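Open the model in your viewer and keep the selection tool at hand. The stops below say what to select and what is found there.

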Amino acid sequence: MTAEPRLGIDIGGTKTAVVLVADGSVQAMRSAPSGRGASGVVDVAVRLALEVLDAHAPRAVGGGADLPVGACMPGLVDPVSGLARHAVNLDVESLDLAGELSARLGVPVAVENDVKAAALGAWRLRGFWPAGSAGSAGSVMSGLSAAALGPVRESTDHRGGSALAYLNLGTGLASAVVRDGVVVRGIDGAAGEIGHLPVGGDAPCTCGQVGCLETVASGSALARLWPAVGRRATNPFAAATDGDALAAAAVDVVCTGVGLAVQLLALASGAERVVVGGGLTGLGAPLLAGIRADLERRARSSRMIDALGLPDRVELLPADVPVAALGAAWLSAPDRAGGPRPASVASPPGLASVGLPGERVG
Ligand SMILES: [Zn+2]
């Protein structure tokens, strides 16, 4: 028996990626610059999805076939209504994402916010990047063998604990928690928006508040603290090593801010592991070392914090792993008899944590 194929679509602020997962591994991936505006966003996503399906699963859609498809994008995405709103970077104010994609692809499409989908992807992938290092996308992707994404592993492997927290360090800061395979959304989907917790300082935040966590722990924070104007290096850690005092101060602030975010997530969610993803992970091992150094500093100040073992619980997802697209592929609940049913909201933990009868590999 083979596991059914699944399609995951990640509509990012700059790039749209589509992955086809089958037999527990990534069968195909396509990406292209994201479209702009509601129709542009959908056009690019549909084109990539059809390219992947035509090449690798020509009978997966249409004719009564029932390929599970999930899609994610930034902004407020409601898995129940299927609507996406306020995706400012994509020039999308309001879009019936599930409806448009479903109509164009001919199958039900489950939708979710991209960070929440990425958290689900990290849950699926847990344990498949080298512990203690940033690793590389290549090694992780090659490690996605038949067992890696397969339901058998998911149903029996609890090395990642019952909860995983995902911290996305992009232009902004956002997080999501997956508990027993289910994304925690909260009543309004705002669970995990820790970037807009005021923590001090006088930097204005895009949300209208001042001193949000995002203003000290994000790509935009780094850009503000270490402005591009006049600098030659592109990596602030390398620049700091070369004696750039501004870069050294900037990475210190950001690593301290991310350390605070990790501590916050661990304390608030109880997640055993905090996985850091997003564009800033391209900074690689020095970023992880900086975050861990901050967590060790916190531990030295408090026995209670020391006992949490935070430095060992934080991991950096290798850059370029299509974690959100992988998570999107798993948004569709395995039992879709009643139509699309996003795992993140409608399924009880036992269903959404996978490992259902009939889905096992081999
Ligand atoms: Zn804010």
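Which residue in β8 is the bridge partner of valine 69? Select valine 109: valine 109 in β8 is the bridge partner of valine 69.

Before going further, note that this is a predicted model, in which local features need pLDDT of at least 70, side-chain atom pairs count only at pLDDT 80 or more, and totals for chains, interfaces and linings use all residues. Residues are numbered from 1 along each chain as its sequence is written, and side-chain values use heavy atoms, with hydrogens and water left out.

**Stop 1: strand β4**

Select residues 69-73, which make up strand β4. Helices (H or I, at least four residues) and strands (E, at least two) are DSSP runs, numbered from the N terminus. Two strands pair if DSSP finds at least two bridges between them. On one side, β4 is joined to strand β8 (residues 109-113) by 5 bridges, and the two run parallel. Strand β1 (residues 6-11) also runs parallel to β4, with 4 bridges between them.

Is β4 covered or open to the outside? Of its 5 residues, 5 are buried, where buried means under 20% relative accessible area, exposed over 50%, and partly exposed in between (1.4 Å probe, protein chains only). Val69, Ala71 and Met73 lie on one side and Gly70 and Cys72 on the other, and both faces are covered.

**Stop 2: the β2-β3 hairpin**

Select residues 15-22 for β2 and residues 25-33 for β3; these strands pair in the antiparallel sense over 8 bridges. Leucine 20 has alanine 28 in β3 as its bridge partner. The two strands form a hairpin with 2 residues between them, and aspartate 23 in the turn has a positive phi of about 50°. Most residues other than glycine have a negative phi.

**Stop 3: the three-strand sheet**

Next comes an open sheet of 3 strands in the order β5-β6-β7, with antiparallel pairing. Its edge strands are β5 (76-77) and β7, each of which pairs on one side only. Between β5 and β6 there are 2 bridges; leucine 76 has arginine 85 in β6 as its bridge partner.

Select histidine 86, which is found in strand β6 (residues 83-87). Its phi is positive, near 60°. Histidine 86 counts as partly exposed because its relative accessibility is 37%. Then move to aspartate 91, in the loop between β6 and β7 (92-96). Aspartate 91 also has a positive phi, of about 60°. With 55% relative accessibility, aspartate 91 counts as exposed.

**Stop 4**

Now display the open sheet of 5 strands, whose order is β11-β10-β9-β12-β13 and whose pairing is mixed. The edge strands here are β11 (182-183) and β13, each pairing on one side only. Inside the sheet, β9 and β12 run parallel and are joined by 5 bridges. Leucine 167 stands opposite valine 276 in β12.

Leucine 167 is also a way into the largest nonpolar core, which has 38 residues; Leu167, Leu169, Val258, Val262 and Leu287 are those with the most contacts inside it. Elements that give two or more residues to this core include β9 (163-169), β12 (273-277) and α9 (285-300). The element that gives the most is α8, with 10 residues. A nonpolar core is a set of buried Ala, Val, Leu, Ile, Met, Phe, Trp, Tyr and Cys residues joined through side-chain atoms within 4.5 Å.

**Stop 5: the second largest pocket**

Which residues line the second largest pocket? Among them are Ser175, Val177, Arg179, Ile194, Leu264 and Ser269. β10 (173-179) and α8 (245-269) are the elements that give two or more residues to this lining. The lining divides into 8 nonpolar, 3 polar and 1 charged; Ala, Val, Leu, Ile, Met, Phe, Trp, Tyr, Cys and Pro count as nonpolar, Asp, Glu, Lys and Arg as charged, and the others, Gly among them, as polar. A pocket is an open set of points on a 1 Å grid over the protein atoms alone, where a 1.4 Å probe fits, with protein on both sides within 12 Å along at least five of seven lines; lining residues have an atom within 4 Å of a point.
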